[in-house]
Amino acid sequence: MVQLLLGWFDLQLIFTILTDGLIYGSYLFIVAVGMTVIFGVQRVLNVTHGSFYAFGAYLAAYLGGIWYEHELPDFGGFVIIFLAAIVVGVFFGILIERGLLKHLYGKDEHIVVLATFAAFLALEGIGLFIWGTDPYFFYQPQMMLGFVEILGMTYDYYNLSLIVLALIISLSIWYFLSRTIWGRLLQAVIFDREVSQAMGVNVTAVFLGTFILGTTLGALSGAAIAPTISVLPGIGVEVVVLAFAVVVIGGMGSIPGALIGSVLVGVVRAAAIHEFPQAEMFVIYAIMAIVLVFRPEGLFAPPAVRKI
Amino acid sequence: MSADKTIIGVTIAVVLLACANFFIADWIRQIGLLSMAIGSVALGLLVLWRTGLISFGHALFYGFSAYGVALLNYLGVRDAFVLVIVSAAASGLLAWGLGFLVRRYRAIFFALLTMAFSMILYGVLAKTERFGSTDGLNVHPPTFLGYAPVDQAAQITLFLFGLLVIYGLILGVQIYLRSVLGQMTTAVRENEIRVEYLGYSVEHVIHIKYVISGLLAGFGGAIMALAVGQVDPESMAYWTASGEFVFVAILAGTGNVAAPFIGAVAFEVIRHFAWEHGANLWQLIMGGTLLAIIMFVPDGIWSVLQRLVGKKDGVK
């Protein structure tokens, strides 16, 4: 009986699916967490997130290209990833929040989404002006870390390090939200904006700060993925819908939800790739639709508080 | 209500366009055809938007119907009337089925659920070899009730055919919006509970809207497939296509059933000239225009036209 069961389960396949799923899930989480943070606080479904991703990837690849051209030390690539993320995040965070969203708070949520969509299109065009249409390559950090063989499958350490990065990001956000005074102020603003304003919280500053945090996370996701892809025009387009899907599946605005949702989607997608490749591209959206139909508030959304 | 100004105006415009069709340059006629297709989808969005619902996934019906035309081609069907009506009806049927799920949702959930459905279609189309994967399928030049024109005559006939279709669509939507069911539109947007107390089912009203909207998007997709002679998942079913439709709807405004077509013409003309100066310019212009419209002209081109003519808004 046990033999029969073991025959059914191909352990190596399961291991491969789990590892691939975990890597892809980490990628999804890193991409989507910034969008979830911004939605949680500002209730803005931010399409420009795709632009932050693209600009992060482009800036990292561009700087990395210059760095390695001058044969500077290899580890510099990792510094560049974080540097690019912070530069892009702070610049676009301030630009979009102060220049655009500030004028739209309190308006119909469709209008806000459409405005960010408009800004996304404009930024796509500007990106093409700055970086052109030729691909950029930034593979050195991936090469530097090398490869490892686990149970007959070759993985590169760089992709595996994305899992670590995802863990670090989620732990830091958890620590920030529940253990620091700023995090608690943020939670107060999320819970009730008006009351916290009345209590003396500078909501404008909290909004700007959150937005810069979300933007930086978006740019970091692009910069961190850049070594594993060729950086091309249009890379931000797919990210927008992927992030939408993860945000919806996990529960709009819930960070633990985004984490579990990403891993779930990652594993299901990996299983689809190995067992049923035709479904690879739509399995994420199928899960998204199913979640919306049966649990529209998301799998792990905190219960909504009824305000009187 | 004996003389409906909109219907009179649209009739005159359609007759004029039908005459002009024989004299205009080919590229202008092509822009006209594309505008008819995009305008039909935007008209579908208008029907929904008047209740306060925005779909981010209308490429679902547009792409479904366009692929319907291509696949009917493979079965040997060539007649434009059959192709367009069957494909659009299939889209309407799809909308009817999905409507049972979608009608329960409002606001951003409605938008996201419709988007998810359209991305599922994209994933299926892009990964199925029979549907040409990411390359898509070719569409043969259609025949019109046995008449099989070639070259320029084919385009001229298709233009007339397109005009006939959109004339029918505009009349149909105008009559619907004037009916009791159509009048519920604003009522549902303003206060759903009150509508329920009046004895109407809000979900039923929205379901019918969704079917009409899907049907209109289906007509748009079918016209597009015939006008371009090709269907592919990237431009027919991806979320960016849905975004463009919403863009046209916002550009046009919801003031009148003719507005989506005026918006679509503006959209296609800008696109035509922007592409001549490079693809990067196009996205920049589109983004900039959309931002400007949202910020400064929230009621779209139609409201500007109204102000130019000197008419004030009727019921707000």
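In chain B of this predicted model, the axes of helix H3 (residues 59-74) and helix H9 (residues 202-228) come within 7 Å and cross at roughly 45°.

**Helix crossing in chain B**
- H3(B) passes H9(B) in a right-handed crossing, the near helix being turned clockwise from the far one by less than a right angle.
- Residues of H3(B), including B:Phe61, B:Phe64 and B:Val69, meet residues of H9(B), including B:Gly214, B:Met224 and B:Leu226 (contact: C-beta atoms, placed from the backbone, within 7 Å).
- By class, this contact of H3(B) with H9(B) has 11 nonpolar, six polar and no charged residues, with Gly counted as polar.

**Contact between chains A and B**
- The contact takes 31 residues from chain A and 34 residues from chain B.
- On the side of chain A that touches chain B, the elements giving two or more residues are helices H5 (109-131), H11 (235-250) and H13 (283-294) of chain A.
- H5(A) gives the most to that side, with 15 residues.
- That side of chain A has 25 nonpolar, three polar and three charged residues.

**Confidence and conventions**
- The model scores ipTM 0.85 and pTM 0.87.
- Among the elements of chain B, helix H7 (residues 180-190) has the lowest mean pLDDT (79) and H3(B) the highest (91).
- Residues are numbered from 1 along each chain as its sequence is written, and chains are lettered from A and ligands numbered from 1 in the order in which they are written.
- Local features need pLDDT of at least 70 and side-chain atom pairs count only at pLDDT 80 or more, whereas totals for chains, interfaces and linings use all residues.

Key:
Contact = placed C-beta atoms within 7 Å. Helix = DSSP H or I, 4+ residues; strand = E, 2+ residues; numbered from the N terminus. Axes fitted to C-alpha atoms, helices over the stretch in contact; angles between N-to-C directions. pLDDT = per-residue confidence, 0-100.
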